Amino acid sequence: MFRIRRKMACTEVYSISSPKMEYVEGRCFSFINSSTSLKLWPMIRRTNSPIRRKRKLGVSCSLPNTLSPLGSEEDASVVPSSHSLEDEFSHVTKFKMSDFKIRNRVSIDLGGRGDEIVFEAMVNDSHSPLYKTRVVLRQLISARAKRRGRRAIEVLKRLARRKLMYHSYSMQVHGYICSSMIDENSSFTLVLGHHGSSSLRHWLQRSDWLPTLEATLSLDQESVRRVGDDTIGGPAISRQLRLIRILMRDLLIGVNYVHSHGLAHTELRLENLHISPVDKHIKVGILGNAADFNEADTVDGTSYDNMDRRRMMIAFDMRCVGFIMAKMVLRELMDPTTFAKFKAFLTKGNDSSCLREFLLHDVKRNSSAGNFGIQILDRNWGAGWHLLSLLLAPKPLDRISCLNALRHPFLCGPKWRVNPSIEVIRWSLGSTTVRIAEEYIYGQQQRSRLAHFIELMEMLNPYPKPKHWLGSFPGKWRLLYCTGRHIGLTLRQPSVRVLIGEVYLTISKASTPKTTFSAASHISFTVMAGGDWPHDKSGVGGKLQVNTYFRLRAGRRLYLKEETDTSKFPSATPDAQASAVKRLSSKKWRKAIPVNEFPSSLSVAKLVSTETEVTMSLDKPLSGNIEVAQKALQEVRTQIPPEMFDLSKIVCGTYLDSRLLVLRSVNGSALVLTRCTNDS
């Protein structure tokens with residue numbers, strides 16, 4: 001790995017070394033541009049001295065007429081016993097160092113590991129089919145690096161069978177330079193295709209990455225057709241979404257090409273992906289660590305089935321694709337500290353479907369990159385969050401495959417008709433409900449739409465039986481919306497001003513029996529004193545907690561007929577039911593959900609509660625007057641749904657998935673809660 005230090009009017013000399021290998025000394029650098037390239041003069045001599053830093057020179061370096069750094073051993077005789085190894089590499093070309101003209105600069109972004117040295121060169125052999133072709137020479141120093149290089153050549157045998165796919169989606173390996181195939185101390189260099197001087201990480205780190213990438217890819221009608229889009233240009237978010245679709249589809253096609261040949265890449269990351277300005281495709285990096293699906297793998301004497309091995313390896317690659325997608329969409333994750341926090345969230349075993357809740361409360365809070373990534377993932381009813389959660393699913397077997405990801409609605413434009421699955425429909429309904437509730441504009445139109453979506457979600461409840469709730473019901477849930485009436489400060493003039501913070505419902509398993517759960521409602525609020533409360537939200541903080549126990553039972557939710565008197569129920573409920581019946585009977589929904597008629601009842605998880613305990617605490621006394629505390633408590637109860645104070649009013653649970661929970665109270669109101677993790 002090159003080390004570079006800026007110095008005015010002088011150059012610096014470094015020595016490069018690796019353990020148990022020849023040491024290279026005397027390479028001279030001239031700083032050109034820290035973001036793109038550096039000047040590279042050839043090697044002038046070799047030595048076995050340890051690595052050290054030389055004194056700075058006061059004169060510039062000249063280009064001596066010596067051999068190139070990689071060509072000192074090109075005339076060495078080949079050991080006869082190495083013919084068998086060379087026969088295995090007969091599908092690639094064996095070059096000599098004299099076949100290349102080393103360029104005097106190399107892009108920093110082409111740099112790889114610490115045991116590799118990268119050169120840019122031009123083929124000057126007139127008899128070679130690559131004459132005047134620009135290539136990348138990657139000299140591998142350590143024994144481990146040489147094994148990676150030989151593995152990359154071996155893998156090429158499989159991939160090169162389909163030449164069109166290989167040239168389009170894989171980094172090309174033209175051949176190698178090696179003086180002896182059996183001598184471990186001999187040099188070994190890969191001759192790779194030059195697919196631009198920048199990796200995908202380099203592109204995304206540029207401040208003008210969007211217009212530059214668009215110009216590099218020459219986005220036209222053909223590229224738009226490839227992602228099923230119907231517009232060119234447009235707002236910044238639409239442009240980013242279009243570009244991400246193109247890059248992700250290219251990446252998935254390339255990874256699927258590798259998987260279809262029985263190989264797993266195992267090293268998919270931004271540094272190993274290059275965008276070729278020639279054919280406008282993403283090139284998957286060198287397959288030096290590619291793993292074979294069919295190789296025997298034993299752990300503690302137990303051999304795994306080849307199918308299980310294949311699934312686990314594909315799942316590992318798909319997780320890497322998920323990290324690449326997350327960094328492309330959410331620019332904040334390009335920061336190593338933020339990405340480490342993001343990765344730790346998944347490593348702890350948190351459900352990937354809760355990524356939006358985590359990012360909104362932890363990552364985006366101190367972000368300066370805007371909310372473009374959140375808006376992109378929120379589009380198309382949250383399809384981006386759904387694809388990201390499938391790529392980063394905690395269980396490997398739950399992760400999506402390349403082919404299914406290519407058919408996902410997030411990567412298919414509006415001109416492509418994709419029949420969504422029931423899972424995607426549930427996700428879309430939940431995401432739309434969350435988005436409407438987050439707008440905090442609860443007019444009649446918004447309230448009717450929310451009630452309508454909640455009714456549809458309840459009909460598509462994936463876990464109607466109580467036995468399915470035993471594992472998913474416990475957790476920390478944040479109150480998002482209630483179909484009951486909400487009263488805010490702007491509609492009244494209360495004697496005590498109270499600002500509500502977060503409202504959580506924490507459900508835990510009781511020791512015995514297993515169908516019993518303890519529920520605790522936590523409400524945080526601030527009592528604002530003084531007349532300047534519209535501008536100054538400081539005051540006395542307080543907390544209110546309600547504890548109770550629930551027992552799960554099987555139950556049914558009965559729908560009232562038209563002739564039944566519904567005066568005791570809120571008017572929004574029958575309207576929402578009628579809207580749900582009309583929507584589900586339409587031609588569009590009938591294809592996705594085969595419902596002939598609106599059901600008369602639905603299976604629910606009935607909640608039977610016991611005694612309720614209410615406690616309230618304040619950070620400090622309120623003017624020493626107990627009446628002020630009573631009025632503050634009354635104001636809190638006015639703004640918060642009554643079910644959060646009296647948990648016994650919650651009679652059943654009608655919807656549950658990895659993100660959302662819908663509970664119904666005795667008066668028919670619905671409480672929508674979203675799952676929170678310990679990190680959010």
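Analyst: In this predicted model, helix α5 (residues 209-217) is largely enclosed by the rest of the structure, because seven of its nine residues are buried. Those buried residues are W209, L210, T212, L213, E214, T216 and L217. They pack against three elements: α4 (200-205), α7 (236-259) and β13 (273-275). Just past the end of α5, S218 has a positive phi of about 50°.

Of its 680 residues, 49% are buried. Of the contacts between residues at least 6 apart in sequence, 69% join residues at least 24 apart.

In soluble globular proteins, nonpolar side chains tend to be buried together. Here the largest nonpolar core has 66 residues, and L200, L247, M248, L252, M325, F342 and F410 are those with the most contacts inside it. Helix α8 (residues 306-329) gives the most to this core, with 11 residues. Apart from its neighbours within four places in sequence, M325 is in contact with M248, L377, G384, L387, L388, L391 and F410. A second, separate core has 34 residues, including F473, L505, I523 and L663.

Helix α11 (residues 372-391) is another mostly covered helix, with 15 of its 20 residues buried. Its end C-alpha atoms are only 21 Å apart, whereas a straight helix at 1.5 Å a residue would reach 28 Å. At N380, α11 bends by about 120°.

Strand β26 (residues 670-676) contains L671. L671 counts as buried because its relative accessibility is 1%. Leaving aside neighbours within four places in sequence, its contacts are L479, Y481, C482, E643, M644, L661, V662 and L663. L671 and G484 are 187 residues apart in sequence, while their C-alpha atoms are 8.4 Å apart in space.

Turning to charged side chains, a search of the whole structure finds 20 salt bridges. One of them joins E116 and R138, with the closest N and O atoms 2.8 Å apart. This pair links distant parts of the chain: E116 is in strand β8 (residues 116-123) and R138 is in strand β9 (residues 134-140), 22 residues apart. E116 is buried, with a relative accessible area of 10%, and R138 is buried as well, at 9%. A network of salt bridges links D115, E116, R138 and R148.

R664 forms salt bridges with E455, where the closest N and O atoms are 3.5 Å apart, and with E458, where they are 2.8 Å apart. E455 lies in helix α14 (residues 444-459) and R664 in strand β25, 209 residues apart. E458 is also in helix α14, 206 residues from R664. Both E455 and R664 are buried, and E458 is buried too.

R659 is a contrasting case, being buried yet without a salt bridge. The nearest side chain of opposite charge, D657, is 4.6 Å away, and a salt bridge needs a nitrogen-oxygen distance within 4 Å. R659 is placed in the loop between β24 (650-656) and β25 (660-665). Not counting residues up to four places away in sequence, R659 touches S353, R426, W427, G430, S431, W477, L673, T674 and R675.

Key
Residues numbered from 1 in each chain as written. Predicted model: local features only at pLDDT ≥ 70, side-chain atom pairs only at ≥ 80, totals over all residues. Heavy atoms only, no water. Helix = DSSP H or I, 4+ residues; strand = E, 2+ residues; numbered from the N terminus. Expected span 1.5 Å × (residues − 1). Bend = angle between axes of the 7 residues up to and from the residue. Buried < 20%, exposed > 50% of the residue type's maximum accessible area, 1.4 Å probe, protein only. Contact = heavy atoms within 4.5 Å. Core = buried A, V, L, I, M, F, W, Y, C linked by side-chain atoms within 4.5 Å. Lys, Arg positive; Asp, Glu negative; His and termini not counted.
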